[in-house]
Every structure is written in C-alpha cells, then in structure tokens.
Amino acid sequence: MTREEEAMLGGEEGPAAAKLLELLVALGEVFGAERLVPVESAHISGVSYKNLGEAGLGWLVEQADLGARARIRATLNPAGMDMEFWREMGVPEEFAEGQRRVLAAFERMGVEPTCTCTPYLAGHVPGFGSQIAWAESSAVCFSNSVIGARTNRESGPTTIASAVTGLAALYGFRLDENRRPGAVVEVEADLDTVMAYSALGYVTGKRLGTTVPYFKGLGSPSLEAKKALGAACATSGGIALWHGEGVTPEAEAMKGHLAGLERLTVTAGDVEEAVARFTGPLDDPIIALGCPHSSLEELGEIAGLVGGRNFGGRLWVFTSRSVYSRAEEAGHVGAIRAAGGRVFRDTCMVVAPLKEMGWTEVATNSFKAGHYMTSMGMRTRMGTIRELLGARQ
Ligand code: F3S
C-alpha cells in the first residue's frame with residue numbers, strides 16, 4: 001500500500017473512508033490482488049428501495065452520517081420509481097417515502113442522481129483503457145466491451161467504497177490476461193433487430209456462463225443492439241466482457257488468442273427457441289420497453305410507430321432523465337403520450353414494485369427484462385418493437 005492509502009486506512013480521511021477501504025482491501029485479499037489501483041469513476045447499483053429495504057437504507061444513511069463523500073465522478077443506477085411521476089406509476093406512498101430517503105442519502109454523499117443503467121448515454125463515458133468501478137451488469141458489459149474501460153462486476157457497497165476512496169483492488173478484468181476470450185461464438189442467426197441481438201446474448205450467456213466470448217459474424221450492430229446484447233449475456237450467464245470481430249475496440253488485439261478455444265454456433269433455431277421460452281398466450285399485457293434504458297433513437301423510433309393509435313396506458317417506456325429531456329424537446333415524449341403511452345424516468349420494469357402496481361403480464365423486446373419478470377412470476381411475451389406496437393414489418 002502507498003503511504004496515502006495507509007493513512008486513509010488509519011482514519012486520516014475520516015471513519016467512512018477507513019471502513020470502506022477496509023472492504024476493498026479484504027476483497028483484494030480474497031481475489032489475490034497485488035495492490036490497489038486508482039479508479040476514474042464509479043457507477044453505483046442497489047438504488048431501488050424494493051431491493052434495499054430499511055436495512056439497506058439504514059446502511060446508506062450511516063455511511064453518509066460518517067462522512068462518506070465521493071471523490072471521483074459517481075452516478076446512480078435506476079431507483080424503484082420515477083422520482084416525479086411515481087403516483088402515475090401506481091407506486092404506494094410508503095415505498096415512495098423510502099425511495100426519497102435513499103436518494104437523499106446518495107446526494108449527501110455527492111453522488112449524481114442520474115438513476116439510469118445507461119450512464120454512458122447520460123454523459124458519463126469513461127476513456128478507453130481507464131480503470132473504473134461500475135456495478136449493474138449491463139453497464140459493466142457495455143463499458144468493458146464497447147468502450148474498452150476496465151471494471152469487474154462490482155456491487156453496491158464496493159462501488160460506494162471506490163467512489164469514496166477513489167480506489168479498487170487490482171484483479172479480474174482490470175488485468176490484460178483476464179480480458180482474453182475463452183470461447184469463439186460463430187453467429188449464423190439473422191441479426192436484423194435489436195431483439196435478435198438480445199436473444200443472441202441470452203443464448204450465449206446460457207451456454208458460456210462467465211467465459212469471455214469472441215463473436216464472429218455480428219454484422220454492424222447499432223449502439224442499441226450492443227447494449228441489448230451485453231445486458232442479455234450478463235443476465236443468463238455472468239458475462240462481464242465480450243469481444244466482437246470488427247465491432248469492439250479490443251477485438252483486433254485478441255485475434256492472436258483464438259487458437260484452440262472452444263467454438264460454438266448460434267443459429268436462427270437457437271434464437272427462435274429463446275423467443276419461445278419467454279412467449280406464452282397473454283390476455284392484455286403491458287408493453288414494456290427500455291431495458292436497458294431507451295436511447296433517444298429508440299424513443300424516436302417508438303414515437304414514429306405509435307401515431308394514430310391508442311394504447312390506453314398499456315405502453316410503458318423507460319429511460320433516463322437525461323435522455324428524457326432531449327426526447328421531450330424532440331417531441332418524442334409528447335407523441336408517445338398522445339398515443340396513450342407513458343414514458344417514465346429513473347426506474348424500470350424490473351426494479352419498480354410491479355406486484356404492488358398490479359402487473360401480471362408483460363410484453364417486451366428485452367431478454368433481460370423477460371428473464372427477471374418470469375422469475376417474479378409474471379407471464380411474458382417477446383417481440384420486436386414493431387411487433388409489440390402492432391406496426392407493419
Ligand atoms: Fe436497466 Fe432495469 Fe434493464 S436496470 S438493464 S432497465 S432491468
């Protein structure tokens with residue numbers, strides 16, 4: 001440890017920093033880290049009151065009371081509700097009160113209340129090769145793979161610890177040798193929609209677990225396709241990093257490490273099977289889009305498809321407050337509202353208290369959402385945005 005790190009551990013930077021550094025040191029010992037490394041930014045998960053409850057909230061308030069303050073840029077994952085329009089979502093008053101206290105604790109720590117799983121669409125874009133401490137599996141996958149920054153799959157407490165100390169233990173995906181692929185995935189399926197990329201991610205994660213895939217045949221995925229692919233493979237497996245030939249920044253350098261790796265193929269049949277797995281007969285589902293949070297382009301696409309229709313409040317679109325402002329200016333939010341749809345910020349269809357809100361059936365284009373909603377006992381259907389909105393193909 002450096003002299004500064006020793007001093008922080010000894011309490012010179014306050015009790016919160018000392019305790020949180022202890023946590024990072026213990027983690028480093030478990031994973032055999034040789035040292036700590038400075039990190040540029042943190043993205044913190046564990047924000048929804050649904051997951052935290054009173055115990056989690058109490059821990060956050062304790063950290064803020066002890067003087068925990070972010071010394072690097074730190075942003076927040078989605079909360080359990082739109083912080084302004086929570087009544088419109090049907091969120092109970094008691095839940096809203098708990099959620100407000102969570103946000104207040106984070107704000108006291110100097111964390112930006114971005115409330116999104118796509119911080120990279122809200123101006124928080126780390127540099128290539130930079131060390132960061134991010135939680136939220138889809139954001140981790142995007143930052144490691146598409147941006148080429150370096151993070152492990154962090155947790156709420158470890159990201160808070162990194163935000164406050166500016167440090168992380170040097171192990172895992174922070175090191176060159178662990179960023180090499182462990183399997184080659186040949187894609188034979190047609191990748192003509194964002195949902196197809198999400199399905200590919202789901203199938204890959206199921207087969208590979210946590211192994212780093214090197215994709216061949218990915219085509220030219222849009223940003224939206226890349227975020228969908230990473231979110232799904234982080235959900236069905238524990239993938240934190242993927243490489244795509246001609247697509248991701250580290251792929252070219254990985255070509256020399258492909259010989260002798262396990263090879264697997266993902267076909268159109270595999271994609272169809274994955275869609276069928278989350279598709280059952282539904283009576284009157286809520287169409288839920290925006291997992292990961294919608295980009296401005298996705299909101300524009302949805303707005304362009306809903307004209308002249310009335311969804312009667314059964315179309316819900318989730319995004320960040322940052323993208324929402326731009327979408328409102330562009331007229332997309334108004335167009336979706338005019339068609340009886342709703343656009344919410346700060347939250348999503350997985351971390352909101354859906355049962356209390358009365359949801360039982362959901363149609364979505366996201367395999368991550370489908371996976372979690374099925375595990376919460378909901379009936380689901382998968383479809384592309386066009387299919388779900390009943391637009392012509
Ligand atoms: Fe984001 Fe919620 Fe999906 S956090 S990735 S929209 S489950």
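**Figure 1. The lining of the largest pocket, shown by residue class in a predicted model.** Sorted by class, this lining is made up of 11 nonpolar, seven polar and four charged residues. Several elements contribute at least two residues each to the lining, namely helix 3 (49-65), helix 6 (137-147), strand 10 (286-294) and helix 15 (367-375).

Figure 2. The protein is divided into domain 1 (3-176), domain 2 (180-276) and domain 3 (278-390). The C-alpha centres of domain 1 and domain 3 are 27 Å apart, and 28 residues of domain 1 are in contact with 25 residues of domain 3.

**Figure 3. Buried and exposed residues of helix 12.** Within helix 12, which covers residues 296-305, the buried residues are Glu298, Leu299, Ile302, Ala303 and Leu305. When the helix is seen down its axis, these buried residues fall within an arc of 165°, and they therefore line one face of helix 12. In an α-helix there are 3.6 residues a turn, so residues three or four places apart point the same way. Glu297 and Gly304, by contrast, are exposed and lie on the other side of helix 12.

**Figure 4. The cis peptide bond from Cys291 to Pro292.** The bond that leads from Cys291 to Pro292 is cis, and its omega is near -10°. Pro292 belongs to strand 10, and this strand, which spans residues 286-294, is also one of the elements that supply at least two residues of the lining of the largest pocket.

**Figure 5. Cys115 and Asp346, two residues with positive phi that are not glycine.** Cys115 has a phi near 50° and is placed in the loop between helix 5 (93-108) and strand 4 (133-134). With a relative accessible area of 0%, Cys115 is buried. For Asp346, phi is about 75°, and this residue is found in the loop that runs between strand 12 (341-345) and strand 13 (361-364). Asp346 is likewise buried, with a relative accessible area of 2%.

Technical notes:
Residues numbered from 1 in each chain as written. Predicted model: local features only at pLDDT ≥ 70, side-chain atom pairs only at ≥ 80, totals over all residues. Heavy atoms only, no water. Buried < 20%, exposed > 50% of the residue type's maximum accessible area, 1.4 Å probe, protein only. Helix = DSSP H or I, 4+ residues; strand = E, 2+ residues; numbered from the N terminus. Arc of directions from axis to C-beta. Nonpolar A, V, L, I, M, F, W, Y, C, P; charged D, E, K, R; others polar. Domains from an automatic or database assignment. Contact = heavy atoms within 4.5 Å.
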